[in-house]
Amino acid sequence: MDEQKTIRLTKEEERYFNELYNAYFNYVVKIIKCVIYSQNTDDITSCCQDVFFLAAQKIRTVGKYSSPQKWLAVTAINISRNFNRKNKINIDFTSALEDYDFMESDENIEILVTENIVFNDLIRGGIIIELWKSMSEREKQLYNLKYRKKLENEEISELLKVSEDTIRATLSRIRQKVEKHISRYH
């Protein structure tokens with residue numbers, strides 16, 4: 001946040017905010033590091049401050065969530081993405097982070113963060129961009145339907161008007177490309 005603002009909290013709100021901050025600070029930092037395409041400590045700190053500033057502003061809303069961790073995770077992702085947009089940082093690859101429906105449980109949030117640590121390491125290595133560029137438009141479309149939209153092969157077959165065998169063969173080809181590109185990274 002560019003301008004200095006003061007937030008007035010009741011003693012109870014301040015106590016709850018301090019609990020949130022102490023319990024989830026490292027978690028929020030971890031998410032931010034996964035999403036922003038900068039390893040600059042000042043950028044990460046700034047995004048983290050923005051998350052907790054917003055949490056303080058909306059402390060009554062956050063307190064109503066059954067999982068404040070989920071609220072903080074989504075907020076950290078959105079603030080980090082805004083940072084990327086503001087700094088004109090774009091990656092030409094569809095990230096799993098774009099589907100917030102996945103964040104139904106704390107376990108899924110942990111999986112998401114772990115996967116995206118690896119994902120961002122691969123982005124920094126240029127592997128993901130190279131992989132995405134190596135895929136045909138049909139492969140990209142199929143990848144999105146299968147892995148992002150979570151459709152079954154039969155549903156994809158009906159949607160694209162091709163046989164399930166073609167779907168399986170194309171998915172196999174995509175997996176081989178992914179394995180090939182990732183094995184070169186390690």
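Student: OK, where does S157 sit?
Tutor: Keep in mind that this is a predicted model. S157 is in helix α8, which covers residues 153-160.

Student: Is S157 buried or exposed?
Tutor: Buried, because its relative accessible area is 12%, and the cut-off for buried is under 20%.

Student: What lies 2.4 Å from a polar atom of its side chain?
Tutor: The backbone oxygen of V162 lies at that distance from the S157 side chain.

Student: And which residues does S157 touch, if I skip those up to four places away in sequence?
Tutor: V162, S163, E164 and I167.

Student: Switching topic: how many residues are in the largest nonpolar core?
Tutor: There are 27 in that core, and V28, I31, I32, V51 and L72 have the most contacts inside it. Helices α1 (11-35), α2 (41-57), α3 (59-64) and α4 (68-86) each put in at least two residues.

Student: Which helix gives the largest share?
Tutor: That's α1, with nine residues.

Student: You listed V51. What is V51 in contact with, leaving aside neighbours within four places?
Tutor: V28, I32, L72, T75, A76 and I79.

Student: Which α7 residues are buried?
Tutor: E139, K140, L142, Y143, L145 and R148 are buried in α7.

Student: What happens just after α7?
Tutor: K150 takes a positive phi there, about 60°.

Student: Now the whole thing. How many helices and strands?
Tutor: Nine helices and zero strands.

Student: How much of it is buried?
Tutor: Of the 186 residues, 39% count as buried. The protein exposes about 11400 Å², and carbon and sulfur atoms supply 49% of that.

Student: Last one: what share of the contacts with a separation of 6 or more is between residues 24 or more positions apart?
Tutor: Those pairs account for 65% of them.

Key. Residues are numbered from 1 along each chain as its sequence is written. This is a predicted model: local features need pLDDT of at least 70, side-chain atom pairs count only at pLDDT 80 or more; totals for chains, interfaces and linings use all residues. Side-chain values use heavy atoms; hydrogens and water are left out. Helices (H or I, at least four residues) and strands (E, at least two) are DSSP runs, numbered from the N terminus. Buried means under 20% relative accessible area, exposed over 50%, partly exposed in between (1.4 Å probe, protein chains only). A polar contact is a pair of N or O atoms within 3.5 Å; within protein, one must be able to donate a hydrogen and the other to accept it, and residues adjacent in sequence count only if both atoms are side-chain atoms. Contact means heavy atoms within 4.5 Å. A nonpolar core is a set of buried Ala, Val, Leu, Ile, Met, Phe, Trp, Tyr and Cys residues joined through side-chain atoms within 4.5 Å. Accessible areas come from the Shrake-Rupley method with a 1.4 Å probe; for residues, only the protein chains shown count as cover.
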